[in-house]
Amino acid sequence: MNPTRSGELTRKTRETEVCVRLDLDGTGKSDIQTGIGFFDHMLEQVARHGLVDLKVHAKGDLHVDGHHTVEDVGIALGDVLASALGDKKGVRRYGFAYVPLDESLSRVVLDLSGRPGLVFEAAFTAPSIGGLDTQLVREFFQGFANHAMVTLHVDNLRGENAHHQAESIFKAFGRALRMAVEPDPRMKGIIPSTKGLL
């Protein structure tokens, strides 16, 4: 078990350098600098609605496109979450949220299962939002799920404005994450699985 429920790492490749710090028992503070304005805004939503303190500083090959930066931020955040959770004793394990934003409605369901998996259903109505290619939203969550070792279902149930679609997804993700990592007083010291391992 990680008694501090926090973690930090720097991930360097030939394409990116990503530094992430995460505190699961934070207050929603964020310090986000990825070079992609709308992506920064989305990560700020995760911190605020997840009530986690999150720092993400990323430098990537944005002269190519945003793919490597967005994917590697997801990978690094997943690695840090896994570290911060430790053996997952005493957490709720499951989290879910429905979040509306005007005409858009999104649902995110998360299981700290130890088994990476992503189901992602979102038909964005625009190819990009504020410098973020909307195809990369899925890539962020794929990288996160693979490295956090979580099962993640992300669905934009309806929406006409791509900004609203993406923002309702990220807010719902923050809320679902907050629920899943929350300490459950009835599970104190217990791993929430009949297998005894997550």
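1. A word on exposure before we start: a residue is called buried under 20% relative accessible area, exposed over 50%, and partly exposed in between, using a 1.4 Å probe and protein chains only. On that scale Ser-30 is partly exposed, with a relative accessible area of 34%. Keep in mind that this is a predicted model, where local features need pLDDT of at least 70 and side-chain atom pairs count only at pLDDT 80 or more, while totals for chains, interfaces and linings use all residues. Residues are numbered from 1 along each chain as its sequence is written, and side-chain values use heavy atoms, with hydrogens and water left out.

2. Here's the overall layout. The chain has 4 helices and 10 strands; these are DSSP runs numbered from the N terminus, with helices being H or I of at least four residues and strands being E of at least two. In sequence order the pattern is β-β-β-α-β-α-β-β-β-β-β-α-β-α.

3. On overall dimensions, the radius of gyration is 16 Å, which agrees with the value near 16 Å that a compact globule of 198 residues would have. That radius is taken over C-alpha atoms, and the globule rule is 2.2 Å times the number of residues to the power 0.38. Along the principal axes, the C-alpha atoms fill a box of roughly 45 × 40 × 30 Å.

4. Buried residues account for 51% of the 198 in the chain. If we take contact to mean heavy atoms within 4.5 Å, then 76% of the contacts with a separation of 6 or more are between residues 24 or more positions apart.

5. As for the surface, the accessible area of the chain is about 9,200 Å², and carbon and sulfur atoms own 50% of that. Areas come from the Shrake-Rupley method with a 1.4 Å probe, and for residues only the protein chains shown count as cover.

6. Helix 1 covers residues 37–50, and its 14 residues reach 20 Å from first C-alpha to last, close to the 20 Å expected at 1.5 Å a residue. The expected span is 1.5 Å times one less than the number of residues. This helix is mostly covered, with 10 of its 14 residues buried. Among them are Phe-38, Phe-39, Met-42, Leu-43 and Val-46, but also Asp-40, Gln-45 and His-49. Just after the helix, Leu-51 takes a positive phi of about 50 degrees.

7. Back to Ser-30, which sits in strand 3 (residues 30–33). Leaving out residues up to four places away in sequence, Ser-30 touches Glu-44, Ala-47 and Leu-54. Its C-alpha is 15 Å from that of Arg-175, a residue 145 places away along the chain.

8. Helix 3 (residues 135–148) also deserves a look: it has 14 residues and reaches 21 Å between its first and last C-alpha atoms, close to the expected 20 Å. Its buried residues include Leu-136, Val-137, Phe-140, Phe-141 and Phe-144. What covers the buried residues of helix 3? The cover includes helix 1, helix 2, helix 4 (162–181), strand 7 (117–121), strand 9 (132–133) and strand 10 (151–158).

9. Pro-116 is in the loop between strand 6 (104–111) and strand 7, and it is partly exposed at 42% relative accessible area. Apart from residues up to four places away in sequence, Pro-116 touches Ala-145, Asn-146, Met-149 and Val-150. Asp-102 is 14 residues from Pro-116 in sequence, yet the two C-alpha atoms are 32 Å apart.

10. Asn-156, found in strand 10, is buried, with a relative accessible area of 12%. With residues up to four places away in sequence not counted, Asn-156 touches Ser-104, Leu-105, Ser-106, Glu-121, Ala-122, Gln-165, Ser-168 and Ile-169. Between Asn-156 and Arg-115, 41 residues apart in sequence, the C-alpha distance is 23 Å.

11. Two backbone spots to check by eye. Arg-5 isn't a glycine but has a positive phi of about 50 degrees; it lies in the segment before strand 1 (6–12) and is buried at 10% relative accessible area. Lys-88, also not a glycine, has a positive phi of about 70 degrees. Is Lys-88 buried or exposed? At 6% relative accessibility, Lys-88 counts as buried, and its place is in the loop between helix 2 (67–85) and strand 5 (94–101).
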